[in-house]
Amino acid sequence: MSDPIGRREVLKRLGVAGALGALAPYGPRSAQAADKLVVGVIYVGPRDDYGYNQAQAQAAAAMKKLPGVSVVEQEKVPETTDVQKTMGSMIEQDGATLLFPTSYGYFDPHMLKMAEKYPKVRFAHCGGLWTDGKHPKNTGSYFGYIDECQYLNGIVAGHTSKSKKLGFIAAKPIPQVLRNINAFTLGARSVDSKITTLLVITGDWALPVKEAEAANSLVDQGVDVLTCHVDSPKVVVETAERRGISVCGYHANQSALAPKGYLTGAEWNWVTPYTIHIQDAIAGKPMVNFMRGGLKEGFVRASGYGKAVVEGARKNADTVKAQMLKGEYVIFKGPLRDNTGKTVIASGTAFKQTEPLLEQMNYLTEGVIGKV
Amino acid sequence: MASGPSGRLRQSAEALAIPVGALGAAMVVFGLVMAALGRSPLEVYELIYQGAFASAFSWQNTLTRAAPLILTALCVALPAQAGLMVIGGEGALVLGGLAAAVVGHLLGGAPPLGVKLAMALAGMLAGAVWIALAGALRQYRGVNETISSLLLGYIAIAVFNHLVEGPLRDPASLNKPSTTPIGDASMVGTLPGLDVHWGLGFGLVFCLVTYVLVKHTTYGFALRIVGGNARAARLAGLPVGAIVLGACVLGGAAAGLAGMVEVAAVHGSANASLIAGYGYAGILVAFIARQNPLAIVPVAVLVGGISASGGMLQRRLDLPDATVLVLQGIAFMLILASETVYGRLKIFRPERA
């Protein structure tokens, strides 16, 4: 290995360490030892939201256990100059060299601006559409094909529903959300083509009062399985439980909130992309700029089945999941019509999960009652 | 009343010493809270200082956070001179931002300086109209301006969201609906030698100009008379309506300019990130500054500094984000409570001849 360190050098280092140690009680605790990779994670909401941010925080917590890695975290950082300064602070004050800005709105212009300013720091963004030639090489995006789990949610919901009416509470009609609504509905209609999904769009990522109102109104309209795509599904899951109907989770595992009605859920498993980025950074390998994965790659996972899941549902979902794990199952294939009757995927066309068109989805499939 | 140079000096000393003392007391109370949570108060103080004021980087962090608050605080402080409690600055800000984004896009390709000026004017105009609406409702229809400006703020945000996600949406903005970008050429840069955008410069100038306007012009004198007693002002023959609306227009223009800065210096287009609560944070700043346009600057810097150091506390001590709200809450409660002390401390009392 390397040549042995001389006695003088050892003494010098001990001396410095001793001096630092003596000073430590007076100065602030430094975030890191010099030889550790400092990773900064930034959340747009609270870390314990039972949802989007918690899923990221769970991965960050797992990263803290890796040798040679120290993690600094900051929550509730708005998508304004705040996040630029937060990134800057992590780099300048904590010595971070790998950042995970986890909210979609951090990408452009905030992260891109900081990446230009700090070309030696790596920026791994969740959900952004990183484009070769347009975005710097020290930035990248990771995301998961969670529509696979939404499809499985749909299958279980389809078997469970007696009223054949499912409810979906969504934040905004943007491609990522529409893809989940459609996958959920397609999964349910693969069980019974008479099933419809009633859609309510609240308008923003975290509106607990509106989400509760929407949940109650959907139950009043006869919906007996509910799911959602908002930052924190807590309110929706709790409302469903209180009203005695079934619910599928999203982002993280919410089974503790609905012990009776929780069927299954679509969860992120961000440990996978975090680990890849951290290992690459430690090894000094160039970063993977565009990283995507589904069940097969371990980017997403389904919550364990709840008590209310019937045997047939379990079997059906497990069969499809096994195919997805092999990378053989196609969710979006023609002929597929939207809910106005227009053909959106022609007969004979099958979109693999990596298809860029899927990340630009702007329609609701047949069976969804609602408007983009 | 204190009079003469020594009296005025005493007054200034009092106005400085009382809030600073309250701030010191707040730090002690916050230290006790931290100690109760098992954190060393000294370490917490050190981190707050490091995060907010210790280096050039932390100063710029603080000032960047303070910049929008200076302008939105003016949206409260200026109508307050006329006796109006306007708390709807958020609405003026988002509409100002939207107007700037639309104008910036429409004029794309024109000489950049002209585009920037037009954006600033459009932003200020939109904000001015919105707050003037609350002022007019109060002046001519007797509608409580506090409530109406708050509700107008909600309407503004709803209109903003509708336009950004609907008719004005750039089809290329997939997962984050935004208006069409104004383009790099039309962006407003940073202050020379600093990593702080021009919003800070605009805010400082706005504060200075309105301070002079309020304290040293006849309009300002009339404004303060209206604020003191509108009926007496009317009896004295002052055009109360115009004066009140003027104050609302100025305040709204400040918040609208803050929106323009968010678009032209930060985001490059109008989107939901503009609804960041700057308008509401400005209310706090204005009240702590006792509605004095000049005092807004240090108060905004203080709020910016607390917010900058909040990140440090989170990252180093694993404290939740709410910690900084606790500090802010304690500090502002004590500063507001300390107002009762004015005129009661012996050392600031003028000697009787």
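How many residues of chain B are in contact with chain A? In this predicted model, 25 residues of chain B are in contact with 31 residues of chain A. Four helices of chain B, α2 (41-52), α3, α10 and α12 (296-317), each supply at least two residues of the side that touches chain A. Helix α12(B) gives the most, with 6 residues. By class, this side of chain B divides into 8 nonpolar, 10 polar and 7 charged residues. The model scores ipTM 0.90 and pTM 0.89. Chain B averages a pLDDT of 93, and 97% of its residues score at least 70.

Two of these helices also pack against each other within chain B. Helix α3(B) spans residues 56-81, and helix α10(B) spans residues 240-267. Their axes lie 7 Å apart, at an angle of about 170°. Angles over 145 degrees count as roughly antiparallel, and α3(B) and α10(B) are therefore roughly antiparallel to each other. On the α3(B) side, the contact is made by P68(B), L71(B), T72(B), L74(B), C75(B), L78(B), P79(B) and Q81(B). On the α10(B) side, the contributors include A247(B), C248(B), L250(B), G251(B), G252(B) and A254(B). Also among them are A255(B), L257(B), A258(B), V261(B) and E262(B). The contact has 14 nonpolar, 4 polar and 1 charged residues.

Chain A is described next by its domains. The domain assignment gives domain 1 (35-144) and domain 2 (147-267 + 300-326) of chain A. The C-alpha centres of domain 1 and domain 2 of chain A lie 29 Å apart. The contact takes 10 residues from domain 1 and 12 residues from domain 2. Helix α2 of chain A (residues 52-64) supplies the largest share of the domain 1 side, with 4 residues. That side of domain 1 has 3 nonpolar, 6 polar and 1 charged residues.

Y50(A) is not a glycine, yet its phi is positive, at about 60°. Y50(A) is found in the loop between β1 (37-42) and α2 of chain A. The residue counts as buried because it has 23 C-beta neighbours inside 10 Å, and the cut-off for burial is 20 or more. K76(A) also has a positive phi, near 50°, and is a residue other than glycine. The position of K76(A) is in the loop between β2 (69-74) and α3 (81-92) of chain A. K76(A) has 20 C-beta neighbours inside 10 Å, so K76(A) counts as buried.

Chain A also contains cis peptide bonds. One runs from D108(A) to P109(A), with omega near 5°. P109(A) is found in helix α4 (residues 107-117) of chain A. Another cis bond joins G334(A) and P335(A), with omega about -5°. P335(A) lies in the loop between β13 (332-333) and β14 (336-337) of chain A.

L295(A) sits in the loop between β11 (290-293) and β12 (300-302) of chain A. L295(A) is buried, because 25 other C-beta atoms lie within 10 Å. Leaving aside neighbours within four places in sequence, L295(A) is in contact with E148(A), V300(A), R301(A), K321(A), M324(A) and L325(A). I245(A) is 50 residues from L295(A) along the chain, and the C-alpha atoms of L295(A) and I245(A) are separated by 27 Å.

Key. Residues numbered from 1 in each chain as written. Chains lettered and ligands numbered in written order. Predicted model: local features only at pLDDT ≥ 70, side-chain atom pairs only at ≥ 80, totals over all residues. pLDDT = per-residue confidence, 0-100. Axes fitted to C-alpha atoms, helices over the stretch in contact; angles between N-to-C directions. Parallel < 35°, antiparallel > 145°, perpendicular 65-115°, else oblique. Contact = placed C-beta atoms within 7 Å. Nonpolar A, V, L, I, M, F, W, Y, C, P; charged D, E, K, R; others polar. Buried ≥ 20, exposed ≤ 12 C-beta atoms within 10 Å, placed from the backbone. Domains from an automatic or database assignment.
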